[in-house]
Amino acid sequence: VGATKRTSMPVYSVMQYLQEMGYRCIPVNEKAAANGESILGERAFAKVSDIPQKVDIVDVFLRSDRVGPVVDDAISAGAGAVWTQLGVSVDSDAASRARDRGLVVIQNRCPRIDIPRLNILT
């Protein structure tokens, strides 16, 4: 969530890296979705719950004060986890709601850093 076509933004390079590692990344960006745009070859959606496929992980590149509604959307979409990027946290109520519904909540971490560090394979 927070995907962009701007190649200078960290979200772009993280999404690109995840794709190179074999993950399918579906961008969530309201404006891009409204304009029918694709980002890194994938159609953009306005919300996680608009994605027609099962979503395993919702990777969030937004300010912490905007994460709560994304967590609720991830819950309604049946996602397996919410992962917030470096410097981004989930408020405790939203994190509790997610955990109570069975989602894993990872905060203030970056998959671009953690996947190679932990040697996680697709």
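E4, H4 and E5 form a β-α-β unit that is right-handed; here helices (H or I, at least four residues) and strands (E, at least two) are DSSP runs, numbered from the N terminus. A crossover counts as right-handed if, with the strands pointing away from the viewer, the path from the first strand over the helix to the second runs clockwise. This is a predicted model, in which local features need pLDDT of at least 70 and side-chain atom pairs count only at pLDDT 80 or more, while totals for chains, interfaces and linings use all residues. Residues are numbered from 1 along each chain as its sequence is written, and side-chain values use heavy atoms, with hydrogens and water left out.

Let us start with E4, residues 81–84. Ala81 and Trp83 point one way, Val82 and Thr84 the other, and all are buried, meaning under 20% relative accessible area, with exposed over 50% and partly exposed in between (1.4 Å probe, protein chains only).

E3 and E4 run parallel and are joined by 4 bridges; strands pair if DSSP finds at least two bridges between them. Within this pairing, Val60 stands opposite Thr84 of E4. The chain passes from E3 through H3 to E4 in a right-handed β-α-β crossover. E4 also pairs with E5 (residues 104–106), again in the parallel sense, over 3 bridges, and Val82 has Val105 in E5 as its bridge partner.

## The largest nonpolar core

A nonpolar core is a set of buried Ala, Val, Leu, Ile, Met, Phe, Trp, Tyr and Cys residues joined through side-chain atoms within 4.5 Å. The largest one here has 23 residues, and Val1, Val58, Val60, Val71, Val90 and Leu103 touch the most other members. Strand E3 (57–60), helix H3 (67–77) and helix H4 (92–100) each give two or more residues to this core. H3 supplies the largest share, 5 residues. Apart from this core lies another, of 11 residues, among them Val14, Tyr17, Cys25 and Ile115.

Leaving aside neighbours within four places in sequence, Val1 is in contact (heavy atoms within 4.5 Å) with Val28, Val48, Val58, Asp59, Val60, Phe61, Leu62 and Val70.

Val90 sits in the loop between E4 and H4, and this residue counts as buried because its relative accessibility is 8%. With the neighbours within four places in sequence left aside, the contacts of Val90 are Val67, Val71, Thr84, Ala95, Val105 and Gln107. Val90 and Arg66 are 24 residues apart in sequence, with 8.9 Å from C-alpha to C-alpha.
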